[in-house]
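Me: I would like to go through this model term by term, asking each time what the wording rests on. Please set each value against its cut-off before you conclude.

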Amino acid sequence: MKTKPNILFIMCDQLRADALGCTGNWVKTPNIDRIAHEGVRFSNCVTNSPVCLPARVSLATGRYPHNTDVWDNCPFELPEGTPTWMAAIRNAGYRTSLFGKAALHRRGPDIRNFEHVLNSYGLDDVDEIRGPRASVDTICHMTARWESLGLLEAFRKDIKERTGKNETLVRPSPLPLAEYYDVYVGQQAKNYLRNYNRAEPWFCWVSFAGPHEPWDTPEPYASMYRPNEMPEPRKRPPLRAQGPTGELDRRFAESSEKIENAQELRASYAGKVTLIDDQVGEILKEIENRAELDRTVILFTSDHGEMNGDYNLIHKSNFLNPAVRIPLIVSTPEIKNSPSSAGKIFDHPIELFDAGPTLADSAGTRISYRHFARSLAPTLRDPKVEHRSFALTEFKHELMYLDRDWKLMLNRDGEPYRLFNVKNDADEMEDLVDRKEQKALIADLKKKLLERRAETSG
């Protein structure tokens with residue numbers, strides 16, 4: 001009987017697609033680049049929703065926001081016992097674990113008392129944290145440790161000062177590097193794998209809270225990148241004078257001023273990404289020390305992106321590339337040992353929640369509940385297999401279509417309000433939605449979007 005592989009699922013929060021060494025030229029990520037070099041990278045991956053909660057609920061369930069009715073961050077909690085692909089992997093004989101941010105429930109204020117909820121989703125061993133801002137008022141093993149070390153109040157004070165006019169404040173965290181939240185997550189996962197001695201193969205989900213803002217990267221990473229060497233932010237293109245509008249226009253109206261310190265934000269952001277990459281390197285080294293790396297499946301991704309000053313915007317919550325495009329890298333023993341496959345880049349349109357059935361396939365199991373995610377396994381075996389003809393993203397009842405050439409945005413009334421030729425206009429500067437010559441194309445793309453939504457209802 002063939003030995004099942006171990007599975008390492010690495011996830012970041014708010015990591016844009018171009019913020020890796022293997023995808024851009026402004027961040028050093030040698031360890032994540034190694035995963036890409038030994039695996040395959042999908043260059044046309046988008047999140048199911050450009051905001052945390054709906055993206056993560058879709059990831060866990062394989063269902064779109066129009067199925068879950070989770071359209072934005074809200075008080076929603078994934079019901080206890082909801083079927084997930086993590087449970088399918090556990091039922092396939094794996095010991096499952098999570099270290100870091102899940103964001104699938106908001107029970108608290110002491111989330112240590114609710115580990116049984118994550119157990120019910122299919123995760124056996126859990127050390128859950130919240131994001132930086134939520135950690136101000138939430139007790140977990142990490143914040144309890146900070147309190148025991150006399151660090152918690154300084155952390156709370158720092159986070160509370162980063163609001164309002166200080167929203168783009170860049171300064172190192174008061175936490176020492178060894179206690180910083182992304183270091184905590186990486187070290188907890190590494191130590192767990194070091195001490196793992198069970199007979200079952202392991203599934204380990206390492207879910208970093210960064211590089212999500214605040215821009216509080218600790219030293220020495222805070223000074224690792226110079227702001228003047230960071231890419232200049234994309235300028236905001238001319239806005240439509242008339243016609244239908246949507247959430248993107250609302251975001252533009254709310255953020256009319258230029259982000260003056262955008263490159264400083266990027267330098268801090270890049271430092272945090274490299275910090276995370278170093279933690280990934282330590283985890284990979286631990287797996288190597290166990291002589292298990294050659295039989296470990298690795299999938300690396302993020303829940304959504306970050307604007308980082310592009311178009312005078314920060315954070316996410318829109319359908320432009322910096323917010324909606326995410327990295328997705330898969331490495332398997334088969335790919336790693338195939339010189340014709342390792343290091344390839346696929347431009348198939350894929351969606352974040354495709355990670356779930358892909359990992360279930362790696363565990364030798366299938367997801368039995370109704371879902372709309374698709375395993376990447378057929379494409380990994382044969383790149384000629386078309387994964388999807390287009391990807392769908394949703395936010396606040398709006399829809400986005402993306403294929404290799406085109407992006408279309410529909411507002412909540414179903415009206416087209418942006419069209420970009422992403423093949424020739426990667427920076428999305430020229431809106432073509434009002435061009436008469438694109439009328440037939442827009443009608444066709446809209447039809448495909450609405451058909452996909454109808455086909456995946458229920």
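Me: Why is cysteine 204 called buried?

Reply: Buried means under 20% relative accessible area, exposed over 50% and partly exposed in between, computed with a 1.4 Å probe on protein chains only. Cysteine 204 has a relative accessible area of 0%, so it is buried. This is a predicted model, in which local features need pLDDT of at least 70 and side-chain atom pairs count only at pLDDT 80 or more, while totals for chains, interfaces and linings use all residues. Residues are numbered from 1 along each chain as its sequence is written, and side-chain values use heavy atoms, with hydrogens and water left out.

Me: What makes S1 and strand S6 a pair?

Reply: Strands (E, at least two residues) and helices (H or I, at least four) are DSSP runs numbered from the N terminus, and two strands pair if DSSP finds at least two bridges between them. Six bridges join S1 to S6 (residues 202–211), and the two run parallel; in S6, cysteine 204 is the bridge partner of leucine 8. S1 (residues 6–13) also pairs in the parallel sense with S7, over seven bridges, whereas S7 and S8 (residues 328–331) pair in the antiparallel sense over four bridges.

Me: Why are S5 and S9 said to stand at the edges?

Reply: The open sheet has eight strands in the order S5-S4-S6-S1-S7-S8-S2-S9, with mixed pairing. Strand S5 (125–129) and strand S9 (344–346) each have a single partner strand, so one side of each is left without a neighbour in the sheet.

Me: What makes S7 largely enclosed by the rest of the structure?

Reply: Seven of the seven residues of S7 (residues 296–302) are buried, so the strand is largely enclosed. In a regular strand the side chains alternate between the two faces of the sheet. Both faces of S7 are covered, with Thr296, Ile298, Phe300 and Ser302 buried on one side and Val297, Leu299 and Thr301 buried on the other.

Me: Which residues have the most contacts inside the largest nonpolar core?

Reply: A nonpolar core is a set of buried Ala, Val, Leu, Ile, Met, Phe, Trp, Tyr and Cys residues joined through side-chain atoms within 4.5 Å. The largest one has 59 residues, and Leu8 and Tyr181 have the most contacts inside it. The largest share of this core, 12 residues, comes from H10.

Me: How do you know that threonine 143 is buried, and which polar contact does its side chain make?

Reply: Threonine 143, in helix H6 (residues 141–148), has a relative accessible area of 1%, and is therefore buried. A polar contact is a pair of N or O atoms within 3.5 Å; within protein, one must be able to donate a hydrogen and the other to accept it, and residues adjacent in sequence count only if both atoms are side-chain atoms. A polar atom of the threonine 143 side chain lies 3.2 Å from the backbone oxygen of threonine 138.
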